[in-house]
Amino acid sequence: MTALHPAQLTADRRALLARRIRLFVALTITWNVIEAAVALTAGARASSSALIGFGLDSVIEVSSALAVAWQFAGRDPEARERVALKVIGASFFALAAFVIVDALRSLLGSGEAEHSSVGLVLAALSLAVMPFLSYAQRRAGRELGSASAVADSKQTLICTYLSAVLLVGLALNSLFGWSWADPIAALVIAGLALKEGREAWRGENCCSPAEALRPGALESTDDACGCKPGCDCCN
């Protein structure tokens, strides 16, 4: 079945996709509020930069999801998309700045991270839950042509990567006493956040409606979605 360009979607289909995005955003917010509370509490007790960074990422994901929720609460979501993308991008930058400072503080000897069973369980649960939420929202966002919904889903996907990094860092510290593994994991988290923050701030997304409006954009595409070569909006 050939996928439709966002501009070719019927009003009913667009409304359905918007409802789905609102549902996924609500689920993401609920999960991340719980995740943030657990991670920040456990991180403070264990002096874990990685856990604290993970908890802050959950807080940032809530702000990102709220930005998308605000966008789709309006009558014309596309008119609010640029602002939503700026909020998402800024949230990534804020997360990266804090995590870098805290990780460097730990590496310079301001306190070694302790074992955290709660952190290990949280990372494993997040690794199981977040890929589903990310995929579902990204699929709906791409079909609708919403750059902010796709950007928010990428932030959720980052949480999956962060969960894996966090799990490895905490496990190495718990099993072998490698306290340096915790701040190193935190710095990986910060690097991913900076990358995604830059892309969201600039609106660099294959499926963005603004991308399709650029001069010659449709002439340079090679699929039915109006995506430029190398993009995968229809997948």
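In the predicted model, the crossing of α2 and α5 is left-handed, a crossing being so termed if the near helix is turned anticlockwise from the far one by less than a right angle. Helix α2 (residues 49-73) and helix α5 (residues 147-176) pack with their axes 10 Å apart and at an angle of about 170°; axes are lines fitted to C-alpha atoms over the stretch in contact, with angles from 0 to 180 degrees between N-to-C directions. The two helices are therefore roughly antiparallel (angles over 145 degrees). The α2 residues in contact (heavy atoms within 4.5 Å) include F54, I60 and V68, and those of α5 include C159, L162 and L166. By class, this contact has 12 nonpolar, six polar and three charged residues.

Helix α1 (residues 11-46) packs on α4 at an angle of about 160°, again with axes 10 Å apart, which makes α1 roughly antiparallel to α4. This crossing is likewise left-handed. The contact of α1 with α4 comprises 19 nonpolar, five polar and four charged residues.

Helix α4 (residues 117-144) reaches 41 Å between its first and last C-alpha, close to the 40 Å expected at 1.5 Å a residue for 28 residues. A kink of about 30° lies at V129, shortly before P131, the bend being the angle between axes fitted to the seven residues ending there and the seven starting there. Just after α4, G145 takes a positive phi of about 85°.

Residues are numbered from 1 along each chain as its sequence is written. Local features of this predicted model need pLDDT of at least 70, and side-chain atom pairs count only at pLDDT 80 or more.

Methods: Heavy atoms only, no water. Helix = DSSP H or I, 4+ residues; strand = E, 2+ residues; numbered from the N terminus. Expected span 1.5 Å × (residues − 1). Parallel < 35°, antiparallel > 145°, perpendicular 65-115°, else oblique. Nonpolar A, V, L, I, M, F, W, Y, C, P; charged D, E, K, R; others polar.
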